[in-house]
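The sequence and the structure are shown first.

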Amino acid sequence: MVEQLRQKAKELLRNRKVELIIGYQRSNNNIFTTPCFIETEDEVSRLVWDKHCIYNLSSYLKEIKKGVGIVAKGCDVKSIVALIQENQIDRDQVKIIGVECQGQVDEKGQSLEKCQSCQVHIPGIYDVLIRSKTPLSKNEPEESAEEYSAVEELEAKSTPERWRFWQQQFEKCIRCYACRQICPLCYCSECITEKTVPQWIRPSPSLRGNTTWNVVRAFHLAGRCIDCGECERVCPVNIPLRKLNKKLQKEIMAMFNYMPGFDSKNKPPLTDFRLDDPEEFVR
Amino acid sequence: MARIGVFVCHCGTNIAATVDVKKVAQAAKSFPGVRFTTDYRYMCSDPGQDLVRRMTKEHSLTGIVVASCSPSLHEKTFRKCTKDAGLNPYFCEMANIREQCSWVHDDREEATSKAIDIVRLTAAKVRKNKPLQTAFIPVEKRVLIIGGGISGIQAAIDIAFAGFKTVIVEREPSIGGRMAMFDKTFPTLDCAACILTPKMVEVSQNDRIKLYTYSEVETVSGYVGNFEVKIRRKARLINEDKCNGCGTCWQRCPVRVPSEFDMNLGKRKAIYVPFPQAVPNVPVIDREHCVYLSKKKCGICKKACPFEAIDYEQEDEIIEEKFGTIIVATGFTMFDHSIYGEYGYGKYKNVTTGLHFERMLNSAGPTGGKVIRPSDGKEAQKVVFIQCVGSRDEARGVPYCSRLCCMYTAKQALLLKEHNPGAEAYVFYIDIRAAGKNYEEFVERVQDEYGVTYLRGRVSKIFERNGRLRVKGCDTLSGAQIEIDADLVVLATALIARPDAPGLAHMLHIPYDQNHLFTEAHPKLAPVETVTTGVFLTGACQSPKDVPDTVATASAASVKACGLLSHDKLPIEPQIARVNVDICSGCLACKDVCPFGAIEKEEIVDRITQEKRWVAKITPSLCNGCGACNTTCRPGAIDLDGFTEEQIFAEVDSLVAGKGDEK
Amino acid sequence: MKRLVRKEELKKMLAELMENYDIIAPVNKEELIFFQPITKVEQILWDYPNSLKPVKEFFLPPREVLFQFNQGKVQPADLPPKKRLIWGVRPCDARSLLLLDKVFLNENKDIYYLEKRRNTALIGLSCNHPQESCFCTSFSSGPHSKDGLDLLMTDLGEETFLLESNSPRGEKLLKGRGKEVDKAGEEKREKIKEKAERKISRRLEPDEVLEKLISGFDNPYWEKACRQCISCGICRYLCPTCHCFDLADEDSERVRFWDGCSFPSFTKMTSGENPKFAKKERFKQWYYHKFSYFKQNHSVFLCVGCGRCLRNCPVKIDFSEVLEQLPARAQTPPREG
Amino acid sequence: MKDSPSVEDRDLEPKSSEGKAKIAAFLCKWCSYAGADLAGGSRRKYPANVRIIRTPCSARINPLFVWKCLEEGLDGVLVSGCHPGECHYTEGNYHTRRTFAVFRKLLEYIGIESERFHMSWVSAAEGDKWAEVVKEVVKTVESAGPNKYFSKSEEAHG
């Protein structure tokens, strides 16, 4: 697959389809990878592909929007779809080098949680597709029963227990905004948390400000988050942000039958409505 | 630094009896930015208003809080007052301590404490108020009328008489609408055609009225004074300029198909005018049935036409026109009774509807005025009329009363007797609703003079036996079970909204109710207006109406339209949304939620990076200030003048006790 | 003063100290190591790779109320009355406080910082197992350095620690505890120290870096080097020497809280003008501050080689590699790879 | 220039009457606000716990306004708009309905008692309904007790 990948990347550069390719290269410790930015055919040999390519590189499309090629797994492609859907990038300007992915592992060698319920081993859209030697025949669309188990576990707790749980998590937050910066869909040039007139979110890392920040972050991604899990991965204090994101994904799927990241022509669910939307909670 | 004045009104005892107004005024003195407070018996009286004006000047106030009644009553009054005192009127806000406080609470202490909170909240808002300016937009002095039935026709004539130009867009090949299908009209029994046709002719001859028949409104954009409308002129396959309506083509056409105008009781040709008095008197080719179009054989009409007016290649045409106002006159359609199993699911040929019967009564109609049994064409001797089919039936039909069925059923029973004095007529009804001038008298006459039998009750079953219809029902007045062997059953089916009404409503940004009938701006005081300024309603698209009511609303809508057009420029509400392009990330979620199409994509050069990027752009004249875009804007790049984030935050903050608790 | 103290005795000593001091010590919380106030000796970690957050958080807290205000009255924030003792500080972190002193305790003393510094005793723990990312030895320091500490503990194994005082306060704390250090103990300690230092293979030559930075300010290298950065605040916040802060009013409190030059809003002004909006500028700022500006102002580099930025970067930017690859005096960047 | 609140502008006198729930109600001006006016016009009595904030449309009500109220310590929040299909702006309340259908789930999930957030459709003709809604909402909010989410005493450290 790596040879195939390098070959395709070389072609894209040679044919001037792109000026830059965002991909993965071996990191200093020779096991893991880091993002890399390839501009010449010679550099293409740096590109690698294996189960250590956890990063969602589409985050870089927030900054590099034109003449760019990007190596993307199925999950990453979902965020590219969302970026197209939300007017942030032009499909024509981004060449997607889709890679068939059979799951990723973290630095400890453990399979990522999101990979266990993956339904997009093969990317939804791409310009070129790199298949494995033993290609998966198709994406398995059946819904994994396990997918929301972490969310359900928390839902089963009492309200005060949930409050305590999240307060303990949010208390750790140092407001480094790595969750925001890594998120491909947090592309606002100025985040609401930076707004001072009026001040929506207390900027200092207090329990109160942290809670608000995390509530706002989660809500602003409601119906948009494609669950790449990068926010949770980068959080230096291990706040389980996916538990928040997945909860909203679950609710939106249940209420509006919408799963983000699959169709760039759709309206995101919170800018859309149906006449028969649920309203049992309204008096 | 804000200098706010608080004016607390007693409203006689309306407020003062429950709220300690002196205490409110006293408490308000300590609110941030408040420099002057007072109370007065009637703030809206002339001396009260004068007090506001004088104190505003005397204390150099920069913001006014009037603590009295609901803003819906006197916001305008006091904003004007504020303006008169030399301030921007939007520096005045109402603290509603009457409707939402003194009138709903008994406990004086609680009510006073709440009133103080309300004033604090309002003062907090006023501190963040900004001056707003009313803008003006030019007015295109033309009216679009959607629908060419009696209401559209009447509106066009009235508006043209007032000196303004109108365009009627009618979907069918001819104007005339439903009324053209009627035989006679209740309660005077004038012939419908006799009173409608002259109006149709007037429309066709008036220089100020333009007609687009066989046409549909495709899109509407813009706003009051400046609606931009795309109209699809469907290809008739006839060159209208050449055709003089001689009729050679349809006489020669070999294809005969059921006529929609005659409710499929008669036939028409594949090239046809729907009825002899059609306006314009230009035929249309029915693509589905024309042999030339389907098999490339025939072409008789083209050969026959002396004016070479037939053009098989003609294509739909889209025309774009600008209008200042729009009148919606799209009328109604009939409820489909085939869901009623007890009436035979629409399978029995001799179970018909009022409109079928109307065509049968018409001497120019398919049966030449003879009431027949559609199954065998024999004259019907025994006819059963059933009212409220679909109406007042929440479960299977619509919850409302269709309002005219009582009257037209009476009329039809009467006409049956006139056409065939030997015929028998039975009417099953639930209630007789004959509220109209000479209506009750008419129904009595039908019963007394014409001997039509009225039975109060429902029909439980109709089935065919020996070629006749066995109608089983009960007379709830006598309690008797009734069975009638009828030749014909006429159902008074409900009048309902057209299936595409919601689509048009979305296009025009007007609301509709659960029955898809368009909603007027106010049920009593603005019955022909809609919430979208410049869009008016007339006729049965708003609710079922008979001819006199339809004509009355048409004239009413015309006056409203002419009123708008009499201005060269119109003011627009300044409380609208604004984009801060520096923060806007161009996701255009706002565009998705804007109900008015006021937001579009714009390319700008970023002032920091100097790179091009997309942002949202709001057209102020299209924005109605609902604020949906604000909520959807994640970075808070859109704000709403008059209801800004800062104002709302200030209001919330004002409610919080002992702020600064957190460590 | 040097003493050999048994672990058991150290624990006792801690328990005693708890009466007069708030003890802050490293604990394991859900797989992460934090310094935090403890109430029981058992919570303490005796050997650990360095904590996630540096101890600077106890002197320049992530959030600090400076004063409260209410209707025109200003009430300064309460300062903690009880003395504090931070137990188990790593030498790199201790050294970072000496660097922060240069910022907060220069001619304009920051009373909030000063009070906390005065009030806090620092008991260090030598670093016997440096990590791959560590490079403290590049800054005339090392895993067993006493700089900035009142007392340094070195784990000699077999439940024995060698304690060295480095200040009068440290001496006072140590007085009368344990026993004399014998020669074997000294030798053992020396061995452990050498072993630890040898383990640190990562090396930076700060003076060379400074030279490269001076000539390389406009080098196009930065344009490429910064691409990988996602502009989060992890490296800045977890850096023991980063000390930028922002001020805000939250209700009736004036608060000071961490800020970092990686954020696009860092230098944003009220007018909307933002001189360091470009990622390249923000990225560069950090390196220049640490190895050029600070050195010029305070004659010392603003880095202690703790390696947190390397370990915690979500996209694995290698701090020292970025500086190493900066071309010396070259006007055009070398080809990468 | 007065962007951030300054010392002299502070208004810190205690505002809540002890022991009574304080509830913010965001009302669209066309339906629910007019409905509340009608309740007054017909002298319907209801508890005095609710403070009304008027907005043009319920779609203006950012869920984060609701959050702010709860964060600041108000005991409950009510959002009220026109019945579906009756929105003055044709479809604003459909957006409101969706937004809050999601947001309330988030509130519950992070541990805010569901008793604290309410939503209603009250038309301009439903003065009686408004009074009933307020009664029910006040009762429900009070059943959850005072809002102590961020009060000093409740703050959990460590």
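β1(B) and strand β3 (residues 63–68) of chain B pair in the parallel sense over five bridges, and V6(B) has V65(B) of β3(B) as its bridge partner. Helices (H or I, at least four residues) and strands (E, at least two) are DSSP runs numbered from the N terminus; strands pair if DSSP finds at least two bridges between them. Six bridges join β1(B) to the parallel strand β2 (residues 34–40) of chain B, where T38(B) stands opposite F7(B).

The model is predicted: local features need pLDDT of at least 70 and side-chain atom pairs pLDDT 80 or more, while totals for chains, interfaces and linings use all residues. Residues are numbered from 1 along each chain as its sequence is written, and chains are lettered from A and ligands numbered from 1 in the order in which they are written.

## Helix α7

Helix α7 (residues 192–205) of chain B has 14 residues. Its buried residues are A192(B), A193(B), L196(B), M200(B) and V203(B). Seen down the axis of α7(B), these fall within an arc of 90° (taken from the directions from the helix axis to the C-beta atoms), so they line one face of the helix. On the other side of α7(B), C194(B), P198(B), V201(B) and Q205(B) are exposed.

Key:
The expected span of a helix is 1.5 Å times one less than its number of residues. A residue is buried if 20 or more other C-beta atoms lie within 10 Å of its own, exposed if 12 or fewer, and partly exposed in between; C-beta atoms are placed from the backbone.
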